[in-house]
Amino acid sequence: MNIFALFHERIAAILAGFGESGRLPIALEPARFVVEPPRDAAHGDLATNAAMVFAREAKASFGSPRQLAIEIAAALTALDGVDQAEVAGPGFINIRVKPEVLAVVLRAALIDPAGFAKPSAREGASAAPAPVNVEYVSANPTGPMHVGHGRGAVFGDALASLLAFVGHPVTREYYINDAGAQVDTLAHSAFLRYREALGETIGEFPEGSYPGDYLVPVGASLADIYGDRLKDKAEDEWLPIVRAAAIAAMMAMIRDDLAALDIRHDVFFSERSLPHGPEGDAVAAAIADLRGRGLVYQGTLPPPKGKPGEDWEAREQTLFRSTDFGDDVDRPLRKSDGSYTYFAADIAYHRVKIDRGARDLIDVMGADHGGYVKRMQAAVRALSGGEASLDVKLCQLVQLVRDGEPVKMSKRSGSFVTLREVVDEVGADAVRFIMLHRKNDAPLEFDLARVVEQTRDNPVFYVQYAHARAASVRGKALAAFPDLDVSPAALAEADMTLLADAGELGLVRELAQFPRIVEQAARAHEPHRIAFYLYDLASLFHAQWTRGKDQPQLRFINEEHRETTCVRLALVSAIGGVIAAGLGILGVSAPSEMR
RNA sequence: GCACCCGUAGCUCAGCUGGAUAGAGCGCUGCCCUCCGAAGGCAGAGGCCAGGGGUUCGAAUCCCUUCGGGUGCGCCA
């Protein structure tokens, strides 16, 4: 029930009508104009720039954009639900709808807040929303997740929910980098813990290994299972065993950390599981695929400029022609020793995703992967023959602070602040909301002290409290009118014309924006817009509530006027419902009371 | 050297894919409330949207460029 979309269609129809009578070109692209809330509420309920956008096309028949605007406005005025449509400035059209339109919006939001926000299936819609694959987290299985991983995790999870909410079939996916040198290093560190568990004194861990004590249980468990039988085996015998045990333990830990944030994936895809070997090599097949498209060749890359490359020497490699797709240089698929690069494996993996049917691929990664974006997009386009596209969402760093003071993080000592510690301290809701309350490509400051405060500076609390307050008002109403039916269906019968106060009408207008915000957030892949919207809505709601302090006639519950109470309860319930629906998309709970 | 991201109020950040007088929260100033519905309300000051060019009816938004910050740059994953 998106009234902005509704009026967009109506105006498009009016323009098409002008097209039929030969006064405008037939095939005007409706996406060029917008219908949006006016900056100033005094201007009306909706505004459109349609007349100005099509000024050039209208010049012959209408002269000025203003004249086109006048005629569009005249046609709008004749439509159902339109109170007035007037032209302002150079050609804006401000539309004011009749009260019954706002009543319809309010009822829709009240009866089914989530359904209200979903895009309505249009008649003759071209196609169902495309299948989307969202890959997120993908932290290497070499230790506990830290806070930066958490941001990507929460972001990817909320984005996946958002896309599912608006109708896309969504696959949530985790790529386990379990095939590189890092996991061998992990295995060596675990082996040291194993020997330790057998009673050896290990002392200092070697440079570049994983000294964190999260490997201690892995060593102990290996000692339990194998006794000392691994200790004297050759490395190529114990390594696969220890590696598998260590990776399994790390992934169990990571999944546990994710579960604490209520983050789940449909697919955990192991890099090691990509078929390899003579009987079927997925990476080789992917390279052959690209080669068949004429995009692979043997060549030598120029040395990187500006970086003093002492040890650089020209070597011939197998290269992917990513420059055909806008990359800066072609990228190697095989190292000089003939083994595959990580990029080659990643190409094979994305090929799997495309083969499974995904057309919109999204990778959520840390900002340090920025240099990787172009080549991966090139690969996806090449592999799919242009059918699929990849959007890469880079999440910037998280700076943990407490009361404004930076929290020390030292990876070297192994005592970095883990995601789990933060979740345990402030709760999953706070972590999720704060991480979604910022654009993904902007750095995030996370104040551990602030997010547990019960004040307006704490957006988590402020929004959740609005929901709790809505629930509380409903309870209070039952105390005043014990026989009142406060179910949404019953409240929807209330006389909506009794909503007359400017603050109340402002709230209805704010509710009307929810579907639009959801749609835009989904299209832009920016869940933070929902968080900001919820904060604005909560803010207006709290303000209206507070007005009742000084002006008792504005209180939601009026013991003298049952009908007024009903309609205000309808408003309050709709607000509560929309906040719950919005928080639901973000994966944040909507409590009925704050403690 | 090149590529990508960022630069908006004192601080932290929004700004709806080009619209009307650039917004919010903190902080600051001044009133109100602080028993009557649960952790406050109202108002004000504060901006060359980093600088400069361009595109057009119209630019914080798009393009070019300069400056400043971050990230990355074959045989790491």
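Colleague: Why does His525 count as buried?

Modeller: The model is a predicted one, and the values I give are computed from it. His525 has a relative accessibility of 16%, and buried means under 20%, so His525 counts as buried. Its place is in the loop between H18 and H19. Phi of His525 is positive, near 60 degrees, although the residue is not a glycine.

Colleague: Where is Val137, and what makes it buried?

Modeller: Val137 is in the loop between strand S5 (132-135) and helix H7 (147-165). Its relative accessible area is 10%; the limit for buried is under 20%, and therefore Val137 is buried. Val137 is not a glycine, yet it has a positive phi of about 75 degrees.

Colleague: Why is Ala367 called partly exposed?

Modeller: Partly exposed covers the range between buried, under 20%, and exposed, over 50%. Ala367 has a relative accessibility of 28%, so it counts as partly exposed. Ala367 belongs to the loop between strand S11 (360-366) and helix H13 (373-383). Leaving aside neighbours within four places in sequence, Ala367 is in contact with Leu394, Cys395 and Gln396. The C-alpha atoms of Ala367 and Gly148 are separated by 9.9 Å, although these residues stand 219 apart along the chain.

Colleague: Which strand holds Thr318, and why is this residue called buried?

Modeller: Thr318 lies in strand S9 (residues 316-320). Its relative accessible area is 5%, and the term requires under 20%; Thr318 is therefore buried. Not counting residues up to four places away in sequence, Thr318 touches Arg291, Val296, Tyr297, Gln298, Arg331, Pro332, Leu333 and Arg334.

Colleague: What makes the link between the side chains of Thr318 and Gln298 a polar contact?

Modeller: The distance between the two side chains is 2.8 Å, and a polar contact needs N or O atoms within 3.5 Å. The pair of Thr318 and Gln298 is accordingly listed as a polar contact.

Colleague: How do you know that S8 and S9 pair?

Modeller: Pairing asks for at least two bridges, and S8 and S9 have 5, in the antiparallel sense. In one of these bridges, Gly299 has Gln317 of S9 as its partner. The open sheet has 3 strands in the order S8-S9-S10, with antiparallel pairing.

Colleague: Why do strands S8 and S10 stand at the edges?

Modeller: Strand S8 (296-300) and strand S10 (331-332) each have a single partner strand, so one side of each is left without a neighbour in the sheet.

Colleague: What shows that S3 and S4 are paired?

Modeller: Strand S3 (residues 82-88) is joined to S4 by 6 bridges, and the two run antiparallel; at least two bridges are needed for a pair. Val87 has Ile93 of S4 as a bridge partner. The hairpin of S3 and S4 has 3 residues between the strands, and within this hairpin Gly89 takes a positive phi near 55 degrees.

Colleague: What can be said of the largest nonpolar core?

Modeller: It has 148 residues, and those with the most contacts inside it are Ile72, Ile95 and Phe446. Helix H20 (residues 562-586) gives the most to this core, with 14 residues. Apart from it lies another core of 33 residues, including Leu295, Leu333, Leu361 and Val380. In soluble globular proteins, nonpolar side chains tend to be buried together.

Colleague: How many residues surround RNA strand B, and which are the closest?

Modeller: RNA strand B is surrounded by 60 residues, the closest being Arg39, Gln182, Gln520, Trp545 and Arg555. They divide into 23 nonpolar, 18 polar and 19 charged. H19 supplies the largest share of this surface, 7 residues. Of the atoms of RNA strand B within 4 Å of the protein, 54% belong to sugar or phosphate and the rest to bases.

Colleague: Which part of RNA strand B lies 2.3 Å from Gln182?

Modeller: A sugar or linking oxygen lies 2.3 Å from a polar side-chain atom of Gln182. For the side chain of Asn49, a base nitrogen of RNA strand B is 2.9 Å from an N or O atom. For the side chain of Lys335, a phosphate oxygen of RNA strand B is 3.2 Å from an N or O atom.

Terms used:
Residues are numbered from 1 along each chain as its sequence is written. Chains are lettered from A and ligands numbered from 1 in the order in which they are written. This is a predicted model: local features need pLDDT of at least 70, side-chain atom pairs count only at pLDDT 80 or more; totals for chains, interfaces and linings use all residues. Side-chain values use heavy atoms; hydrogens and water are left out. A nonpolar core is a set of buried Ala, Val, Leu, Ile, Met, Phe, Trp, Tyr and Cys residues joined through side-chain atoms within 4.5 Å. Buried means under 20% relative accessible area, exposed over 50%, partly exposed in between (1.4 Å probe, protein chains only). Helices (H or I, at least four residues) and strands (E, at least two) are DSSP runs, numbered from the N terminus. A polar contact is a pair of N or O atoms within 3.5 Å; within protein, one must be able to donate a hydrogen and the other to accept it, and residues adjacent in sequence count only if both atoms are side-chain atoms. Contact means heavy atoms within 4.5 Å. A residue is near a molecule or strand if one of its heavy atoms lies within 4 Å of it. Ala, Val, Leu, Ile, Met, Phe, Trp, Tyr, Cys and Pro count as nonpolar, Asp, Glu, Lys and Arg as charged, and the others, Gly among them, as polar.
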